[in-house]
Amino acid sequence: MDLLLHLCVVIAIYSIFAMSLNIEVGYTGLFNFGHVAFLGIGAYTSALLSLAGFPFAFCLMVALAAAGLTGLLLSIPALRLQGDYFGIATLGFGEILRLVFQNEVWLTKGPMGLPGIPKPEMLGVRFESLPEYLGLAAVAALLTYLVLGAVTESPFGRALRAVRDDETAAEILGKNAFAFKTRSFVIGSVFAGLAGVLWAHYTSFVSPSDFTLNETIVVLLIVVLGGKGTRPGPVVGAVALIFLQESLRFLRLPPEWTRYLGPLQQMAFGALLVALMVFRPEGLIREKGRK
Amino acid sequence: MDILLQSVVNGILAGCIYALFAMGLTLIYGVLNFVNFAHGELIMWGAYFLYLFVSEPFSLPLWVAVAPALLCTVCLGMAMDFAVFRPLRKADRLTLLIAAMGLSFLLRNAAQFFWGAEVRTYGLEITRGFRFLGLSLTANQILIIGVTVICVIGVYLLFFRTSLGKSMRAVSDNLDLARVVGINARWSIRAAWVVSALLAGTGGILMALDTNLNPEMGVINLVKAFAATLIGGVGNLWGALLGGLLIGLAENLSVLVISPGYKDAVAFAIMVGILLTRPYIVTGKRMD
């Protein structure tokens, strides 16, 4: 039972993270390969502030603001780039941020990480036990679903898709493509920050090794598997992938295999990503109105 | 003063290797018009193939093992194209990019599966460097410069003195036009993969000889190779050579002023600098 609750918390957090990437990759066509950086900024900001004794609501607000602001600052040089170039630039940014977490020992304790992050307390409720935390994560996921859903269904969302499908045509129709991409990137960054905050307070420990390229690949796979550019896609993808990942635990494998299990699982994720692109790029759920 | 001079020499050495990476990356870009996100994995696997052949059960001497290692790297490059990029020739960019990213992830973890995540070396004896004008140079480092010069001359001869090179340049300029005039584009593309994989594998081996091997070496070097191609102008072989040298120099000189922990961040900083000041380099005609 505890395992199931735990899985639900993980799914809720990954859903938020995936939805935040979906607005960039799925709706706007921004190839963000450094999305994990914003997860990290949210997690570290909130962890450091709450370890310093600030109340959770304040930590959350500052963490979201920090993620959004970093997104804005990164978007100025990075969004001058198209496609592949944007991908490499964001990939580099993600790696740099990990170096910062690792090297600024005075602030982040470096590779040792930050232990003992307190459980959140808000409106007189302390989200300590698993069911309580699940409640918090589920509400956050639902809010993200509703907010990002409203955003993407609005004229703003239509403009994003227009920029994605044909930037030149969108510009001719008077849409400032750069401004739309920037806003999409900032929104995505803020919600990735939210996922980071929830993650840090859930595990009560953050370290640089939580924010590697692997996380980016996992979340990218979730978005692509579920169906990029669709509302339920990231959630469906998160459920499918987390269960796929956890089902491996129930295979009774000999203990000497465990060293191989991690890389093997990651290889399977890579292969799945390639196979999806070659055979079914639209994922499980197809975007309406697209061939 | 000695430290400064030594940093310049180290910078040139690192730069030679980055130049090999960047030339391979920019070559595939020129011919197929996409950034091979799995190029870093060709670098890493090149180094690991050599490791495979020098360790049990092959236990070949290092110099002998280089040939089969490079051959395997070329095969890996061809296999990448055959299994992933060729079926996606007509796919949109997002699809292609995600597939390449997945492929890179697959190959990186495959290396980790076979050899573990730990740092390895070829087990060479540490040799004393030659002292020269107050500088210290090891035999490996002289080898790095020598091999780079040979590779650059080889690429020059291939591209500007053979008909295959001419057809590759034609395909790189305009694929459709090249086809219309009867150039066999398929062979040009294959040749591009062979040369790209050879350069990546050679660079990876040289880098592992001078430092060490680990499964993560591909990713970080991809960013450096890319920064180098941006400096030189995307699709431009000689620009990539120059860009690689500049990145190597900048990185090694940066150690004099900032924490060595951020050495890997320098390439990224230069990249952002270029984007902010000279964006037209990367928004030229090839940027569609």
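This is a predicted model: local features need pLDDT of at least 70, side-chain atom pairs count only at pLDDT 80 or more; totals for chains, interfaces and linings use all residues.

Trainee: Which residue forms a salt bridge with Glu167(A)?

Mentor: Lys181(A), with the closest N and O atoms 3.2 Å apart. The rule asks for a side-chain nitrogen of Lys or Arg within 4 Å of a carboxyl oxygen of Asp or Glu. Lys181(A) sits in helix α9 (residues 177–203) of chain A and Glu167(A) in helix α8 (residues 167–172) of chain A, so the pair ties together parts 14 residues apart in sequence. Helices here are DSSP runs (H or I, at least four residues), numbered from the N terminus.

Trainee: And Lys181(A), buried or exposed?

Mentor: Lys181(A) counts as buried, because its relative accessibility is 7%.

Trainee: How many salt bridges over all chains?

Mentor: The count comes to 10. One of them joins Asp81(B) and Arg89(B), at 3.0 Å from N to O. Asp81(B) is buried at 7% relative accessible area, while Arg89(B) is partly exposed at 33%. Shared partners also join Arg280(A), Glu282(A) and Arg286(A) into one network. In it, Arg286(A) and Glu282(A) meet at 3.1 Å, N to O.

Trainee: What area is buried between chain A and chain B, then?

Mentor: About 4,100 Å², with carbon and sulfur atoms giving 80% of it. That is the accessible area (1.4 Å probe) the two parts lose on being put together, summed over both. On the chain A side, Asp84(A), Tyr85(A) and Ile88(A) lose the most area to chain B, together 18% of what that side buries. By contacts (heavy atoms within 4.5 Å), 41 residues of chain A meet 44 of chain B.

Trainee: Switching to the core. Which residues touch the most other members?

Mentor: The largest nonpolar core has 197 residues, and those touching the most other members are Leu91(A), Val206(A), Phe37(B), Trp45(B), Met80(B), Phe85(B) and Tyr122(B). Helix α1 (residues 2–32) of chain B gives the most to this core, with 17 residues. Such a core is a set of buried Ala, Val, Leu, Ile, Met, Phe, Trp, Tyr and Cys residues joined through side-chain atoms within 4.5 Å.

Trainee: What is Met80(B) in contact with?

Mentor: Leaving aside neighbours within four places in sequence, the contacts of Met80(B) include Phe85(B), Leu103(B) and Trp193(B). Phe85(B) also contacts Leu96(B). Leu96(B) lies in helix α4 (residues 93–115) of chain B and counts as buried at 13% relative accessibility.

Trainee: Last one. Where is Ile153(B)?

Mentor: In helix α5 of chain B. Ile153(B) counts as partly exposed, at 46% relative accessibility.

Conventions: Residues are numbered from 1 along each chain as its sequence is written. Chains are lettered from A and ligands numbered from 1 in the order in which they are written. Side-chain values use heavy atoms; hydrogens and water are left out. Helices (H or I, at least four residues) and strands (E, at least two) are DSSP runs, numbered from the N terminus. Buried means under 20% relative accessible area, exposed over 50%, partly exposed in between (1.4 Å probe, protein chains only).
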